[in-house]
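Hi everyone, thanks for coming.

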Amino acid sequence: MNRLFPLVFAGFLAAPVLAAPALDGSKLKLASANAIVVDATNGDAVYSKAADEVTPIASVTKLMTAMVVLDANQPMDEELEVDMDDFDYIKGSRSRLHMGATLSREQMLRLALMASENRAASSLGRHYPGGQLAFVAAMNEKARALGMTNTHYDDATGLSPKNVSTANDLAKLVRAAASYPRIREFSTTLAHEVEVAPTGETLGYKNSNALVKNDAWDIQLQKTGYIREAGRCVVMLANIASRPMVIVLLDSIGKLARVNDAQRVKYWLETGEAAPATMFRTVAQKSRATSGGKAKAKSRAKGVRKRSSRR
């Protein structure tokens, strides 16, 4: 697999490589409990924080799910049907893919990667030769082959907190996943619609990572994840300061924490300096303004309903 890395990353280096700023890790203050930033061209870490601490990884698991699916070379146009075994009995998460919903393996894979669709990921594992048990065994075998020595997979979705890894191991996972064109494409799809058989219902999905639609970012591969035990997680391969960089951020608390940390990493790589607090104050102010607007709208709506009831 490593022999493919130079081919994958050659495209990143087509642009002139600018002189990199001196990087002082002490200037990078991250809220994520575990993190690593790796130069994807050579695998060297330029920053790490508790990068060898084993922690649950939530839906970041789906990158390995995708690799095992693609390694099996099963027909991508084969129709897969959702059944009760694909329902989430661990966390009780919801899905718009109802019982009997049928999509092609390719569509299931795209939804699992871009929108973190759990029933799609489960269906992919269940339709693997030998079923879910064989699929999870293949996931763990693949992890060992990649040198992910502190990683263990328990299911195809990441809903199980027994899916664990380290930031260091996940950097290896991201570099390996980058050699799969479908994973790069599907994980960075902004939005996608599918027509679900047999009902013909059309469902629209959006990417779970808001940064893919940010023009300031050149993201080539990504995967988000969240369960309570894992916190909010994100892994990315992005072109920053004219170089492909792997960013792994695990166990962030709060909806904006992983996004803000990613912005901090990007600014630090580009300038060598800590990101100014104003970058995040603006985001927080917008969030509060939106929340305030919603609260006022709800209050007005309640007032209208009360006046209407009095009439």
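Let's begin at Asn73, which takes a positive phi of about 55° just after helix H2. A word on naming: helices (H or I, at least four residues) and strands (E, at least two) are DSSP runs, numbered from the N terminus. Before we go on, please keep in mind that this is a predicted model, where local features need pLDDT of at least 70 and side-chain atom pairs count only at pLDDT 80 or more, while totals for chains, interfaces and linings use all residues. Residues are numbered from 1 along each chain as its sequence is written, and side-chain values use heavy atoms, with hydrogens and water left out.

Back to H2, which spans residues 61-71 and is mostly covered, with 10 of its 11 residues buried. Buried here means under 20% relative accessible area, exposed means over 50%, and partly exposed is in between (1.4 Å probe, protein chains only). The buried residues of H2 include Thr61, Lys62, Met64 and Met67.

Met64 and Met67 are among the residues with the most contacts inside the largest nonpolar core, which has 64 residues. Such a core is a set of buried Ala, Val, Leu, Ile, Met, Phe, Trp, Tyr and Cys residues joined through side-chain atoms within 4.5 Å. Another core lies apart from it, with 20 residues, among them Val212, Met245, Trp268 and Leu269.

What does Met67 touch, leaving aside its neighbours within four places in sequence? Its contacts (heavy atoms within 4.5 Å) are Lys142, Leu146, Leu173, Ala176, Ala177, Tyr180 and Ile183.

Thr157 sits in the loop between helix H5 (131-145) and strand E6 (164-165). Beyond its neighbours within four places in sequence, Thr157 is in contact with residues including Thr61, Lys62, Asn118 and Ser122. Is Thr157 buried or exposed? Thr157 counts as buried because its relative accessibility is 6%. Its side chain also makes a polar contact of 2.5 Å with that of Asp155. For a polar contact, we want a pair of N or O atoms within 3.5 Å; within protein, one must be able to donate a hydrogen and the other to accept it, and residues adjacent in sequence count only if both atoms are side-chain atoms.

Next, the aromatics. Rings of Phe, Tyr and Trp (its six-membered ring) pair if their centres lie within 6.5 Å; planes under 30 degrees apart count as stacked, over 60 as edge-to-face and the rest as tilted. By this rule there are two aromatic pairs. Tyr47 and Trp268 have ring centres 5.9 Å apart and planes at 70°, so they are edge-to-face. This pair links distant parts of the chain, 221 residues apart: Tyr47 is in strand E2 (residues 44-49) and Trp268 in helix H8 (residues 257-271). The other pair, Tyr128 and Phe135, is also edge-to-face, because the centres are 5.2 Å apart and the planes at 80°. Both of these residues, Tyr128 and Phe135, are buried.

Finally, a strand with two faces. E7 runs antiparallel to strand E8 (residues 201-206), joined by six bridges; strands pair if DSSP finds at least two bridges between them. Glu195 stands opposite Thr202 in E8. Thanks, and I'm happy to take questions!
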